[in-house]
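Q: Please take a close look at one part of this model and describe in a connected way how its elements pack.

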Amino acid sequence: MKKLVLVLMFALVMTGCGKEKADDSENNSTVVENQNNQENQGSESKNDEKTDTNKVTEPKGYVFEYNGVKIGMDMEAAPIIAALGEADSYFEAPSCAFEGLDKTYSYGSFEIDTYEQDGKDYISTVFFCDDLIETPEGVCLFETKADMIKAYGEGFKEEFGMLVYEKEGMKLKFILEGDEITSIEYSSTVLDVQ
Amino acid sequence: MEEKKLSRSRKVLTFCVVTIIIIGSLYLLQKLLVPKYMTDIVEGAMIAEYYDEEHDHDVVFIGDCEVYENFTPALLWEEYGINSYIRGSAQQLIWQSYYLLEETLKYETPDVVIFNILSMKYNVPQNEAYNRMTLDGMKWSSSKVNSVKASMMEDEKFLDYVFPVLRYHTRITELNGDDFKYLFHKDKVTHNGYYMRVDVKAAENVPKGRPLADYSFGETAYKYLDKMTALCKEKGVQLILVKAPSLYPYWYDQWEVQMEEYAKENDLVYINFLELQEECGLDFTTDTYDGGLHLNLSGAEKATKWLGEFLSKEIGLASRRGEEKLETAWKKKLDAYYEEIDRQTKEWQEKQNGGEK
């Protein structure tokens, strides 16, 4: 009898401990954690500490620059948006169920998307809208694949039909139609699915 | 000898009692720890509500937020005598829709199933939190097992769905009043699956679609759409595909062509409400509560009215008004529906008048 009780208690404790490890490695995406994010907004919590480790204050990977403002992925959005000045237009999209807004700021030649975590907005995407701007490495829309390779090398991967350069946890994505670049996008990997 | 027998019986009895206590405690612990979805994120409570229904619907809607926020069964009943239910959940993926349909058809055989096709854009599992909101509410059956298997992200485990306590045990330090209040019962969060919002936020600056490298819907998405089509044909249910009138996420022309072709090839009715905005009388300055993603009550009633006309006149669904059992059930439901409209309208008006601090 005692053995049975001990075995059951041991099993419960072990499943609990095992899962704790799994939780620690997750990226704040479960129901429980999403709920915690709402409940703990503005307060110090274990969750805050965990997600804060994802955040960068310095630009990482490939970084877009406009009028001297560096726009890196997963950087806090507020100072960047303030430095860029008033956007031409603004759109916000709440998720189907969870709190928090995904925001899009349009600046004519490019758009910036942000995502919300723990009450703060972070940069998730910079998307090129026309060929009046170029990347710091000198590539703009409607140039060729050869121009892209000259600037960034051969180290791209093909993902869902895009050519992707991955660097320090961010992605620079190109879409080509024939030989012509038709889309350039800097993208955070924080919200990536598998 | 007698004493030995008695001692053995006592041991067996004690064993049984201790086992029952341990299992009962674990069950209660699990009930306590799983999210209740009664405030804030109510979308997680939607799927389970279906089981409390009388399974006698003429129309069942299946799909994501574009069905449960854009069509209202109460109006279909009141104006057209059509008894309908929405089996919707947040970011419901197409394989989840298929297995929900499969499960629903074990309970009942409606005349029509309406499926919103936005989820064709997803070909792989997306997010555990959304998975949970669709899957945890389902009763255990082969449909749920298969839906869980099809939906799990790489780092998810099937056992965590069987014993949710394994997944949610860390909530033990964050339990709140709801966890105790809704331990054994839950309030209704929808009106026959419809999630009501009466507030208004006009659609402005809705972004256009950004170029995609490949506009083709994925193989997995098509596989499950094929399965839905086949299942409905097998059961004699008319499947109607719809694209709800939501302005965002963007619906690409290339996607539209694929759906039109699919409907034609499979002899299905396909209704794109984005093209019917004028006919429905939708005005996105007043008929949405979140800038064009979802309709508010005013918008949902307009879209539903168009649908009701179509189902009555084109599909030939007869009004069931006058059926005593249904009238009684709907009387109660409509009372709750109008009560909710009053409550939300008052709240919205107060907010408008600056009542919100």
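A: In this predicted model, helix 4 (residues 73-80) of chain B packs against helix 15 (residues 324-352) of chain B at an angle of about 125 degrees, with the two axes 11 Å apart. Axes here are lines fitted to C-alpha atoms, for helices over the stretch in contact, and angles run from 0 to 180 degrees between N-to-C directions; helices (H or I, at least four residues) and strands (E, at least two) are DSSP runs, numbered from the N terminus. Helix 4 of chain B and helix 15 of chain B are therefore oblique to each other, the class left over once angles under 35 degrees count as roughly parallel, over 145 as roughly antiparallel and 65 to 115 as roughly perpendicular. Across this contact (heavy atoms within 4.5 Å), B:Pro73, B:Ala74, B:Trp77 and B:Glu78 of helix 4 of chain B meet residues of helix 15 of chain B, including B:Leu326, B:Glu327 and B:Trp330. The residues of this contact divide into eight nonpolar, no polar and two charged, where Ala, Val, Leu, Ile, Met, Phe, Trp, Tyr, Cys and Pro count as nonpolar, Asp, Glu, Lys and Arg as charged, and the others, Gly among them, as polar.

Chain B also holds an open sheet of five strands in the order 2-1-3-4-5, with parallel pairing (two strands pair if DSSP finds at least two bridges between them). Strand 2 (84-88) and strand 5 (269-272) of chain B stand at the edges with a single partner strand each, so one side of each is left without a neighbour in the sheet. Helix 5 (residues 94-107) of chain B lies across strand 1, strand 2 and strand 3 (112-116) of chain B, at about 155 degrees to strand 1 of chain B.

Residues are numbered from 1 along each chain as its sequence is written, and chains are lettered from A and ligands numbered from 1 in the order in which they are written. Local features need pLDDT of at least 70 and side-chain atom pairs count only at pLDDT 80 or more, while totals for chains, interfaces and linings use all residues, and side-chain values use heavy atoms, with hydrogens and water left out.
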